[in-house]
Amino acid sequence: PTYKEYVTMERGKRVIYTIILRAIYGMLESAMLWYKKFRGDLESIGFEFNPYDGCIANRIVNGKQHTIRFHVDDLMSSHVDPKVNDKFLIWLNKMYGKHGAVKATRGKVHEFLGVIYDFCEKGVLKLRMEDYMKRMLDDFSVKFAENDYVKTPAGNDLFKKKRDKPLEKERKEEFHSVVAKGIFLSKRARPDTQTTNSVLATRIKDSNENDWRKLVRLMKYLHSTKNKYLTLRMDDPSRILWSIDAAFGVHDDFVSHTGATMTMGRGAMQSVSKKQRLNTRSSTEAELVGVDDVVTQVLWTKLFWEAQGYPVKENIIQQDNKSAILLENNGRRSAGKRSRALNLRYFFINDQVEKGNVKIEYCPTDEMT
């Protein structure tokens, strides 16, 4: 009642307009205000931001690189000398401690944005999400016995869209929620589930009993492999290796599917699994479209890594289709009757090959990651 005189009617609803004196957490404007302030503060003490990722910054301290990466106000700092991190923590508290102490964890195991980063083994990073998977399984309405086991996250009918009874509202919402959680997991610590999640994500609007069975199969696989995690190791910081392949015409509308992994030694540092956007008439065309699906990520990775201070000598794409490799290396000159009508944009990779930004190599199918 105190504010009754400020109430106005708009479209039959009572409205009060207010002036916000402080940014409200969760608003887009708040996030931007915070980012601009934090970035400005970091730049004032010598940090330079990576132009290819606005949440990663570097500076040189005592001749060695100090790197931070952050998401809103969660931050990971690394330097070869622990004292540099100590001083940085003091600075953070000086700048922002009045709103609440900036707390830090030290050591070789860290939880950052829902993922456990395990540096205990020298030269190796283990990305673990066992607790996250346990919560997913605990919250899932279907329960599994200890000895329930499947070898793979999907059967050979994964891409087949079958007519079946639509899911009722409650299970449809659960389907959506579990697939979203699964995508988060597959992008961080379990890339072996990414293809299954990418296909199930296309079924969220019209999910049916057949889709539900596929989701149950995926969850049973996570139950069977709940102690698995992603292990990364770098052998040569100047060599980036991509494996890119296409499964020709596997979807019901005969569209192909692109798969790719990127590594610098051991483990998939990046992975891609996506339905292609157009129909192709041969596996060669599908391979060419597959490379086009991933090439921006291939080129971004090189640019990002070089901006981190590591020159890239080799940026390699491995493929198992020699005809596609000819098209990518030679462009239109290698186009035959079946590939002559391909859109010019799919020869963008040829331009990048000629500029030396990427190199195409043959890799036998059985050896492709």
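1. Leaving aside its neighbours within four places in sequence, which residues is N315 in contact with? They are I240, W242, V298, K302, N357, V358 and K359. The model is a predicted one, and in it N315 is found in strand β15, which covers residues 314-319. With a relative accessibility of 5%, N315 counts as buried, the limit for that class being under 20%.

2. Not counting residues up to four places away in sequence, T8 touches K13, R14, V15 and Y17.

3. Helix α6 (residues 209-224) passes a simple check of its length, because its 16 residues, at 1.5 Å a residue, should span 22 Å and its end C-alpha atoms are 22 Å apart. At the start of α6, a side-chain oxygen of N208 comes to within 3.0 Å of the backbone nitrogen of N210.

4. The helix is also mostly covered, since 12 of the 16 residues of α6 are buried.

5. In soluble globular proteins, nonpolar side chains tend to be buried together. The largest nonpolar core of this model has 26 residues, of which F140, F175, L215 and M219 touch the most other members. The elements that give two or more residues to this core are β9 (124-128), α3, α4, α6 and β10 (230-234), and the largest share, 6 residues, comes from α6. Not counting residues up to four places away in sequence, M219 touches M136, L137, F140, F144 and V178. Apart from this core lies another, of 25 residues, among them M262, L288, V312 and L327.

6. The structure holds 17 aromatic pairs. One of them is formed by W34 and Y96, whose rings are edge-to-face at 5.5 Å centre to centre, with 70° between the planes. Because W34 lies in helix α1 (residues 28-44) and Y96 in helix α2 (residues 82-96), this pair ties together parts that are 62 residues apart in sequence. W34 is partly exposed, with a relative accessible area of 26%, whereas Y96, at 9% relative accessibility, counts as buried.

7. Y35 and F49 form another edge-to-face pair, at 6.4 Å centre to centre and with 75° between the planes. Y35 lies in helix α1 and F49 in strand β3 (residues 48-49), so the parts tied together here are 14 residues apart in sequence. F49 counts as buried, at 11% relative accessibility. Both pairs can be viewed within a cluster in which ring pairs link W34, Y35, F38, F47, F49, F70, F88, W91 and Y96.

8. The charged end of K322 sits over the ring of Y362, 4.8 Å from its centre.

Terms used. Residues are numbered from 1 along each chain as its sequence is written. This is a predicted model: local features need pLDDT of at least 70, side-chain atom pairs count only at pLDDT 80 or more; totals for chains, interfaces and linings use all residues. Side-chain values use heavy atoms; hydrogens and water are left out. Rings of Phe, Tyr and Trp (its six-membered ring) pair if their centres lie within 6.5 Å; planes under 30 degrees apart count as stacked, over 60 as edge-to-face and the rest as tilted. Helices (H or I, at least four residues) and strands (E, at least two) are DSSP runs, numbered from the N terminus. Buried means under 20% relative accessible area, exposed over 50%, partly exposed in between (1.4 Å probe, protein chains only). A charge sits over a ring if NZ of Lys or CZ of Arg is within 6 Å of the ring centre and within 35 degrees of the ring normal. Contact means heavy atoms within 4.5 Å. The expected span of a helix is 1.5 Å times one less than its number of residues. A polar contact is a pair of N or O atoms within 3.5 Å; within protein, one must be able to donate a hydrogen and the other to accept it, and residues adjacent in sequence count only if both atoms are side-chain atoms. A nonpolar core is a set of buried Ala, Val, Leu, Ile, Met, Phe, Trp, Tyr and Cys residues joined through side-chain atoms within 4.5 Å.
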